[in-house]
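Trainee: Can we go through this one together? I'd like to see how each label gets its backing.
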Amino acid sequence: MKTGVCYYPEHWPESRWADDAAHMKRLGLSVVRIGEFAWSRLEDANGTLHFDWLERAIDTLHEAGLEVVLGTPTATPPAWLLARHPDMLALDEQGRPRGFGSRRHYCFSSRAYLGECARIVTLLARRFGQHAGVIAWQTDNEYGCHDTVLSYSDSALVAFRDWCAHRYTDIDALNEAWGNVFWSMEYSGFNELPLPVGAVTESNPAHRLAYWRFATDEVRQFNRMQVDILRAHSPGRDITHNFMGNFVEFDHHIVAADLDIAAWDSYPLGFLARDDADAGDRKAYLRTGTPDNAAFHHDLYRGCCNGRWWVIEQQPGPVNWAPYNPAPLPGMVRYWGWEAFAHGAELMSWFRWRQAPFAQEQMHTGLLLPDGGEDIAAGEVARVNEELPLFADLDTKTRTAPVALLFDYASDRAQRTHQPGARAHDPLTFAQEVHATCRRLGVDIDVISTSADLSTYKVLLLPSATIDDADLVDRLRVYAAAGTTIVLFPRTGSKTAEFRIPEALPPGEFRRLIDVRVVRVETLPPTERPQAETVTTHAWRECIESTLEPMARFDDGWGFHYRDGATHYINAIPDRHGLLALLEPILIRAGLEPRDLGAGLRIRRLGEVSFAFNVGPDNVELESLLPDSAGLPASGPLLIGERTLAVGDVAAWSRPASSDHAKPELDAGQKLQV
């Protein structure tokens, strides 16, 4: 793993650049990302290009032995460009312009802006595409940040109508697909289609889901335009984009298909303060972040580009954008670096080099203080770089985990598009809880798309398979027949691709895996938590008709947890303890060795190295908690860390790479008995 930093030479006097580059090298950094917000310094209103300063900056970094990831500046179009194309702005749901004065003030559907972006990216690629110091490109910056995927502009309306005409061909087909006979919503031509906004009550959920798919395609088209230009003029360089955390406003798998590397921006404390609905988590993990949120995203983005992924922005201290912004526990900056390494990152890059004393991010810390002195994080980054050579001669190749979580963005969107009641249930959060449960049980897990190769996994978990998918079911049946354990959760197959209830009722095509039929659904207030034996559930519960006998029953007689061989259907939302109670025996019977590590200890295997991470609340004795399969040496020093693992600390030890997670070879039709 290389380490790097995000740097903005345009923010500082040129006389500082060489000193900054030398300082970066002293800390052990080797990669620098620059340029992604610099359009106003690269081109002026007269069309005059000012690339010389950027070339001098790249030369300075390169001469110091640093490699450059060059960003395209399309996330921050300058004021003069807006004056030239005032219709490039996105409009919000109330029809108000998303105006100038910060960033991301453009509509993906603006063809005028698309042309301007193609022009500036081409000029940059021609000038710097062959520079020896440029090893990679980043397209734009954080697609969708600040709620900027969906636009309700005239440009978006025209593009959406064209998209629908291409998808449905005939307006009658669209009316049928969306069920527009309901409430007389039928259209006589594509030119009558509105955007799904401003209706008296909720607009048609099929219309809204189609608009989300359209928006994903607009993001992909915008990104692919840049990728095609960069590949043409800068061959041999990797191309990436920095995706975000806890973000499902477009399908990352679709956009990442055009990239070499999936990168993401990791802000564990910011995400906890902004996004976590659990008050207990916010208190317990205030200065560490939860044990599993960053790991989920590491695993998610590792699954996007054939295992190649980066952290391009890593929180180094308090940020500026969350409701509150605590300082990390001492050691956490180092911890986050090793956590990324343990999940197979090629690059860990901290944001940012030096704290800005001006504009919107003044309170966002960097590795350096505003006066140029080192902040606390600089020492922790240097320590990571001092420790990395300890792993140079070890096998640290990422191997397929024994368990895969299939995450489908369209299914997530379908649950958000129309979910009467159960508004407190978030499908992404639930997928993260399922992932976290496996990690708490000490089991490595991959996060993959529904189109990924499933052949190597012992257990497949589908927490968000809302869209009925016959092709996926065909593939799952093959693996089920060979003994793969498959676990389906509530809402599986509950909507067709066009947002209808399947004709034969949910779970639709998934009934070919297990004989269950959902005949009634109820959503519950937070005060109601039905219990089936030892499992407490909440939010969503399904009444099942089946030839199978349920594994348990609720007090009112509804069955809970249906199983056919190694295929399971969980028909209510379990809480955290319920997920532990459900998944532990399933994993054991699939041939794994789960062991509850407690709230804050996590382990991760990477080639012949094992890692342990502790976010508390207490120090832990590794010998007493780790399963034998973790391979902790009986005596002697570890590669890093101690056997008594402090809160916020990391331990690592060498263990021979083995096939203990290899899927057994089974005859066709044979099943693992659960």
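Trainee: How do you know how many disulfides there are?

Mentor: A disulfide here is a pair of cysteine sulfur atoms within 2.5 Å, and by that rule the count is 0. Keep in mind that this is a predicted model, where local features need pLDDT of at least 70, side-chain atom pairs count only at pLDDT 80 or more, and totals for chains, interfaces and linings use all residues. Residues are numbered from 1 along each chain as its sequence is written, and side-chain values use heavy atoms, with hydrogens and water left out.

Trainee: What makes you say that Cys 107 is in no disulfide?

Mentor: For Cys 107 the nearest cysteine sulfur belongs to Cys 117 and is 12 Å away.

Trainee: Why is Cys 107 called buried?

Mentor: Buried means under 20% relative accessible area, exposed over 50%, and partly exposed in between (1.4 Å probe, protein chains only). Cys 107 has 2%, so it is buried. Cys 145 has 11%, so Cys 145 is buried too.

Trainee: Why does Trp 183 count as exposed?

Mentor: Its relative accessibility is 58%, so Trp 183 lands on the exposed side of the cut-off. Trp 183 is in the loop between α7 (171-178) and α8; helices (H or I, at least four residues) and strands (E, at least two) are DSSP runs, numbered from the N terminus.

Trainee: Where does Thr 169 sit, and is it buried or exposed?

Mentor: Thr 169 is in the loop between α6 (154-168) and α7. With a relative accessible area of 65%, Thr 169 is exposed.

Trainee: What makes the phi of Thr 169 worth a remark?

Mentor: Thr 169 has a positive phi of about 70° although it is not a glycine. Most residues other than glycine have a negative phi. Ala 359, in the loop between β8 and α14, also has a positive phi, about 65°.

Trainee: What is the omega of the peptide bond from Phe 351 to Arg 352?

Mentor: Omega is near 5°, and that bond is cis. Most peptide bonds are trans. Another cis bond joins Pro 506 and Pro 507, with omega about 5°. Pro 507 lies in the loop between β12 (485-488) and β13 (516-523).
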